[in-house]
Amino acid sequence: MTPAEWAALWRRVIVGAGKSWIAFGHGTCVIVMRPRPGDLAEQARALLAEWGPVHVGSPAGDFGVIKLESEPGWVVTGHHPDVLTYVAPDEVGASASDLVVGICGRSKRDQDARALDVVHVEDQRAERPEPT
């Protein structure tokens, strides 16, 4: 997907107005629930670098799968509630099991946690910092 396509997808998927979030290159989205002043992308990178890498056999290897109702595909959750990864039907097949979807999403989250490639920043802070 292009950065614009990721941004449009996450705008449709994230529930609740006024949330700041950052999309990464492999489909992971980090919602920054309590953004601090400064660079929002750096705050999301720090969170994903800590909470995104997969360590099988630990909570970092766990996942949950949510079938989207208004969008084709799934959101895969992990051990941090504000880190979500989108999995499209064409990545795993439309009738894929939750296990297959979850492993795919977990792998994509791990890739994003290692690359930390931000493709979109949705800054909903009431007072945005002045650009430097």
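**Entry 1: a strand pair.** I looked up strand 3 and strand 4 (residues 74-77), which pair in the antiparallel sense over four bridges. Strands here are DSSP runs of E, at least two residues long, and helices are runs of H or I, at least four residues long, both numbered from the N terminus. Two strands pair if DSSP finds at least two bridges between them.

I noted the ground rules. The model is predicted, with local features needing pLDDT of at least 70 and side-chain atom pairs pLDDT 80 or more, while totals for chains, interfaces and linings use all residues. Residues are numbered from 1 along each chain as its sequence is written, and side-chain values use heavy atoms, leaving out hydrogens and water.

Entry 2: I then read the strand order: 3-4-5-2-1-6, in an open sheet of six strands with antiparallel pairing. Which strands are the edge strands? They are strand 3 (64-67) and strand 6 (118-122), and each pairs on one side only. On average, neighbouring strands of this sheet are turned by 25 degrees against each other, direction ignored.

**Entry 3: strand 5.** Strand 4 pairs with strand 5 in the antiparallel sense over four bridges. A hairpin of five residues joins the two. I found Thr77 bridged to Leu84 in strand 5. Strand 2 pairs with strand 5 too, antiparallel, over three bridges. There Cys29 stands opposite Leu84.

Is strand 5 buried or exposed? Five of its five residues are buried (under 20% relative accessible area with a 1.4 Å probe, protein chains only; exposed is over 50%, partly exposed in between). In a regular strand, side chains alternate between the two faces of the sheet. In strand 5, Val83, Thr85 and Val87 point one way, and Leu84 and Tyr86 the other.

Entry 4: I looked up the largest pocket and found about 170 Å³ of space. A pocket is an open set of points on a 1 Å grid over the protein atoms alone, where a 1.4 Å probe fits, with protein on both sides within 12 Å along at least five of seven lines; lining residues have an atom within 4 Å of a point. The volume is the space filled by probe spheres set on the points, which are joined across faces, edges and corners.

Among the lining residues I noted Trp10, Lys19, Ile66, Val75, Thr77 and Leu84. Helix 1 (3-13) and strand 4 each give two or more residues to the lining.

Note on methods
Axes fitted to C-alpha atoms, helices over the stretch in contact; angles between N-to-C directions.
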